[in-house]
Amino acid sequence: MMHHPMGPEAPADVGGQVGEETESMLGLVPHQIRGFLANFSNVLIHGRPFDGCTACGEKVVKAYKEGGWGFLMRVFNEPGYLEELSGLRALKDATDAAMEACDWEEDGEDEDDF
């Protein structure tokens, strides 16, 4: 988000045509672009920030601001640290627990699928 005066707080570019004036000197620069080969189209995607994001989540940004290079070295050298800090580990554990709590019926090989 270095291209925008608001940096990481910049709103997503969600519309406009090529060549239209924007706040950015680079023109229209959306947060995400999704492409579809089936119909050769692109869609500009925007959404709310994910609190567990390993790049821009609040906890991660705060740890980086407080720790700087030391934070980065810990991320590089300790597998799983970033997942733990961001909350992704807790999310995965909760998801795994919910999956185990479900009573899934498995099809047997003897049964007809039709």
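1. A quick word on terms before the details: a residue is called buried under 20% relative accessible area, exposed over 50%, and partly exposed in between, using a 1.4 Å probe and protein chains only. This is a predicted model, where local features need pLDDT of at least 70, side-chain atom pairs count only at pLDDT 80 or more, and totals for chains, interfaces and linings use all residues. Residues are numbered from 1 along each chain as its sequence is written, and side-chain values use heavy atoms, with hydrogens and water left out.

2. Overall layout: the protein has four helices and two strands, in the order β-β-α-α-α-α along the sequence. These are DSSP runs numbered from the N terminus (helices: H or I, at least four residues; strands: E, at least two). Of the 114 residues in the protein, 14% are buried.

3. On to salt bridges, meaning a side-chain nitrogen of Lys or Arg within 4 Å of a carboxyl oxygen of Asp or Glu. That rule gives two of them. Asp96 pairs with Lys92, with 2.7 Å between the closest N and O atoms. Both sit in helix α4 (residues 88-101), and because they are four residues apart there, about one helical turn separates them. Asp96 is partly exposed at 31% relative accessibility, and Lys92 is partly exposed too, at 43%.

4. The other bridge joins the side chains of Arg74 and Glu78 at 3.2 Å, N to O. Arg74 comes out as partly exposed at 39% relative accessibility; Glu78, at 36%, is also partly exposed.

5. Have a look at Trp69, Met73 and Phe76, which make a nonpolar surface patch of about 370 Å². Patch members have over 30% relative accessible area and no salt bridge; nonpolar side chains (Val, Leu, Ile, Met, Phe, Trp, Tyr) are joined within 5 Å, like charges within 9 Å. Areas come from the Shrake-Rupley method with a 1.4 Å probe, and for residues only the protein chains shown count as cover. Trp69 belongs to helix α2 (residues 69-77) and is exposed at 59% relative accessibility.

6. Finally, the largest pocket: its volume is about 740 Å³. A pocket here is an open set of points on a 1 Å grid over the protein atoms alone, where a 1.4 Å probe fits, with protein on both sides within 12 Å along at least five of seven lines; lining residues have an atom within 4 Å of a point. The lining has 22 residues, with Pro8, Glu9, Pro49, Cys56 and Gly57 nearest the centre. Helix α1 (residues 58-67) gives the largest share, three residues.

Definitions and conventions
Points joined across faces, edges and corners; volume = space filled by probe spheres on them.
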